[in-house]
Amino acid sequence: METALNFLDERVSEMSPIFSNEAFSRLDASDDGVFYQRDRFVSHLDSLALSTVEHVIGDLIVEERPAILDLMAGWDSHLPEGLNPSEIVGLGLNENELKKNPDLTAYVLHDLNKDPHLPLPDNHFDAVINTVSVDYMTQPVQVFEEVARILKPGGLFLVIFSNRMFPQKAVKVWREANEDERLILVDEFFKQSRGFDTTSLFVSKGKPRPKDDKYADSTPLSDPVYAVYAEKKGGLPNMEKRRVISVDGTQQPDKDVLARKKACIKETLCCPHCDQKLNKWEVPDNPFCQTWDNDYMYICFNDECPYYVRGWDKMYQDTLQGMSYRLMYNPEKDRCMPIPVPSPHALKDGIIG
Ligand SMILES: C[S@@+](CC[C@H](N)C(=O)[O-])C[C@H]1O[C@@H](n2cnc3c(N)ncnc32)[C@H](O)[C@@H]1O
């Protein structure tokens, strides 16, 4: 029975359409230790995306005094305050960065691509995090198997990534996949390693880039944040507790306060979600679009309005599309409603006041 199952599993893995022979080849196959010898005390994401990463880590690690491994660590582990860990080990390739990382209680220099075996004990960690680095693993399934070995049963493996990379060091299958396909790819690493329960995913994308970011002029959108995570098999399921609730804009507003503000919007002409003045907006003159009750509406164009910020995640969950919505007030009907927008710029050319 066991042999038959193993055989079947091998067949399934061999037949996987995702991993061809060259899938994990790289443009620069030279020693990673040499590439990462250079210190890079830089931020790999913009500040909004980094704050999202912190919230995701803080919400998903629910253990008290957790022992954490930061796999492929640099100078910053993006841990939120209040996590109160018992230990944090960083495993990476650049000793100066690991030494300067204020979160770490210990570090290990180890090249995962030379040896995917982790020099760490079995069943030891409550959580393993891997941030913006999974794209550099040439033997990801073996590494995921090792992560399962060193986690306690029920422990969390949280893989976070975005769309930026050192292309010469990223594996071919990652470079050639689009962003949604990369979610499937990481899910596949979890599945093929066979050490984990069902995966969950978190996506935050399409939000405006912070205005003070150095790339704000050339890139209007904040770096997307994707997370795929699962618990090691065999533990008490904690997944109910592991929920991303505190990412900017996701806190639900007080319903009574909102209702009161909506009730007097005719007089205030302010957004009930952010209190900013609504802009008068001329409806498009297009017979093929919807027919409008009025020649103009009022719309909240505040890019930091929580209703609009929350909308990106909500729309992604509902439609898997990169869209959000803004609050629109119809003065004719004295009613608020969402108006969908595919980008922060959409509809803004209709502003007339
Ligand atoms: C883009 S940086 C991300 C650093 C950190 N995780 C963060 O979120 O800021 C990629 C990291 O992966 C580590 N790394 C790359 N290749 C590695 C390998 N073969 N073995 C171990 N670590 C590696 C490097 O040391 C580097 O710190």
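Contact is taken throughout as heavy atoms within 4.5 Å. Helices (H or I, at least four residues) and strands (E, at least two) are DSSP runs, numbered from the N terminus. The structure is a predicted model, in which local features need pLDDT of at least 70 and side-chain atom pairs count only at pLDDT 80 or more, whereas totals for chains, interfaces and linings use all residues. Residues are numbered from 1 along each chain as its sequence is written, and side-chain values use heavy atoms, with hydrogens and water left out.

The chain contains ten helices and eleven strands, and its C-alpha atoms fill a box of roughly 70 × 45 × 45 Å along the principal axes. Of its 353 residues, 48% are buried, a term that denotes under 20% relative accessible area (1.4 Å probe, protein chains only). Among contacts between residues at least 6 apart in sequence, 68% join residues at least 24 apart.

Helix H5 spans residues 140-150 and is largely enclosed by the rest of the structure, because eight of its eleven residues are buried. These buried residues are Pro140, Val141, Val143, Phe144, Glu146, Val147, Ala148 and Ile150. Their cover includes strands S1 (67-71), S4 (125-131) and S5 (151-161), together with helix H7 (179-193).

Within helix H5, Val143 counts as buried because its relative accessibility is 1%. Beyond neighbours within four places in sequence, Val143 is in contact with Leu71, Leu112, Pro116 and Met137. Leu71 and Val143 are 72 residues apart along the chain, and their C-alpha atoms are separated by 10.0 Å.

A polar side-chain atom of His78 lies 2.8 Å from an oxygen atom of the ligand. An N or O atom in the side chain of Asp111 is 2.8 Å from a ligand nitrogen atom, and a polar side-chain atom of Asn113 lies 3.3 Å from a nitrogen atom of the ligand. Taken alone, the ligand exposes 580 Å², and the protein buries 97% of that area.

Terms used
Buried < 20%, exposed > 50% of the residue type's maximum accessible area, 1.4 Å probe, protein only. Polar contact = N/O pair within 3.5 Å; in protein donor to acceptor, adjacent residues only side chain to side chain. Areas by Shrake-Rupley, 256 points an atom, 1.4 Å probe, with all protein chains shown as cover.
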